[in-house]
Amino acid sequence: MARCIGVLNYKGGTAKTTTVVNLGAGLALRGKQVLCVDLDPQGSLATCLGVRYTYSLAHMLLGQVDPRSCVVEARRNLDIIASDSSLLQVEGEMWRAEDGQMARKLLSSKLQGVDGSYDYVILDFSPSASILSESGLLYVQELVVPVATSYLAMVGIRQVIGTLKNVSRTPGHRVCLYLVVPTLYSRRTRQDREVLGILQRHFADRVTEPIRASIKLTESPSHHRTIYEYSPRSSAATDYKRLVERVLRDG
Ligand SMILES: Nc1ncnc2c1ncn2[C@@H]1O[C@H](COP(=O)(O)OP(=O)(O)OP(=O)(O)O)[C@@H](O)[C@H]1O
Ligand SMILES: [Mg+2]
C-alpha cells in the first residue's frame, strides 16, 4: 500500500512545491513508484516539471474522465496529476454540495482508484485552508511541513497543528505530523538559527536537517528541472537527497 504524504503549510512560499518535486523525484530516482498530486489552483507542479497534460485534477473530481487518464508520466517512476485554475470551479461546487462531508471524501475515493500501483503518493497542498485542503487531509496519513526559517513562518505551523487536531476528531481518520522541514535556511543568519532551535525544541526528532537557501533551487523551476537534473552537485541536491533517505528509512 502506498504511503500517502501531504506537504502542507498554510503559509505561502515555504517551499511546499519545491519539496514535493524534489522529494518525489528523489524517491523515484531511488527506484520507488511515485505519484505527485497538485491540490493548488496555482498549478505550479506541472510547470516546475515541464509536464504537458490534457486532463487535470479538476476533470477527475468532476467525474468527466476516467481518473487514470489524469495521470501523466513526468519522469521515470514519477507520475503526476496536474492542476490549474479550473480547480477553483471544483472548489465552488464542493462548497455548494448539499452533503459537505461526501464532497470532502470525493478526492480520496478518486485517488483510491489510481494509487494502487505506487509506493508513495505525495500531495502538494495550496497555501490556504480550502475545502480541497480539507479533502487532502482526509486522504493523507502523514504530513510533511516545510517551514521557512523566519519568525513569521512559525504562524503557519500553529495553524497546521490546529488543523491536525480538527482532522484527528474525524471518526476513522488519523493523520500525523510526520516531519517538519526547515527550508530556505541560512546558517549565517542569527534569526534562522534561532527559528531552527525553536523548531527543534518543539518537535524534537521530527525536525529534519534544514534545506539550505540555494539560488539553484530558485532557478531550477524556470528550467523545468528537478534539482538533481539542474544542479546535481549543489548543496540543495545534497539536502533533498538527505530528506529522501530519511523518508525511505522511516518507511
Ligand atoms: N531552499 C531554497 N533556496 C532558495 N529558494 C528556494 C528554496 N526553496 C524554495 N525556493 C524558492 O522559493 C519560492 C517559493 O517556493 P515554493 O513555490 O516551493 O513554495 P510554496 O510553499 O509551494 O508556495 P505556495 O504557498 O505559493 O504554494 C520559489 O521561487 C522557489 O524556487
Ligand atoms: Mg506551492
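Trainee: What makes the radius of gyration of the chain agree with that of a compact globule?

Mentor: The radius is taken over C-alpha atoms, and the globule rule is 2.2 Å times the number of residues to the power 0.38. For 251 residues that rule gives a value near 18 Å, and the chain has 17 Å, so the two agree. Along its principal axes, the C-alpha trace spans about 50 × 40 × 30 Å.

Mentor: Before we go on, this is a predicted model, so local features need pLDDT of at least 70 and side-chain atom pairs count only at pLDDT 80 or more, while totals for chains, interfaces and linings use all residues. Residues are numbered from 1 along each chain as its sequence is written, and chains are lettered from A and ligands numbered from 1 in the order in which they are written.

Trainee: Which residues is Val21 in contact with, leaving aside its neighbours within four places in sequence?

Mentor: Those are Leu45, Cys48, Leu49 and Thr226; a contact needs C-beta atoms, placed from the backbone, within 7 Å.

Trainee: What makes a set of residues a nonpolar core?

Mentor: The members are buried Ala, Val, Leu, Ile, Met, Phe, Trp, Tyr and Cys residues joined through C-beta atoms within 7 Å. The largest one here has 77 residues, and Val34, Val37, Leu45, Leu57, Val121 and Ile122 touch the most other members. Beyond its neighbours within four places, Val34 has contacts that include Leu27, Leu78 and Ile122.

Trainee: What makes β3 and β4 a pair?

Mentor: Pairing takes at least two DSSP bridges between two strands. Four bridges join β3 (residues 71-75) to β4 (residues 78-81), and the strands run antiparallel. They form a hairpin with two residues between them, and Asn77 in the turn has a positive phi of about 70°.

Trainee: Where else is phi positive in a residue other than glycine?

Mentor: Ala204 is one of them, with phi near 45°. Most residues other than glycine have a negative phi. Ala204 lies in the loop between α8 (190-203) and α9, and it counts as exposed because it has 9 C-beta neighbours inside 10 Å. His224 also has a positive phi, about 55°. With 14 other C-beta atoms within 10 Å, His224 is partly exposed.

Trainee: Which residues surrounding ligand 1 are the closest?

Mentor: Gly12, Lys16, Thr17, Thr18 and Pro127, out of 19 in the shell; a residue is near a molecule if its C-beta atom, placed from the backbone, lies within 6 Å of it. Helix α1 gives the most to that shell, with three residues.

Note on methods:
A residue is buried if 20 or more other C-beta atoms lie within 10 Å of its own, exposed if 12 or fewer, and partly exposed in between; C-beta atoms are placed from the backbone. Two residues are in contact if their C-beta atoms, placed from the backbone, lie within 7 Å.
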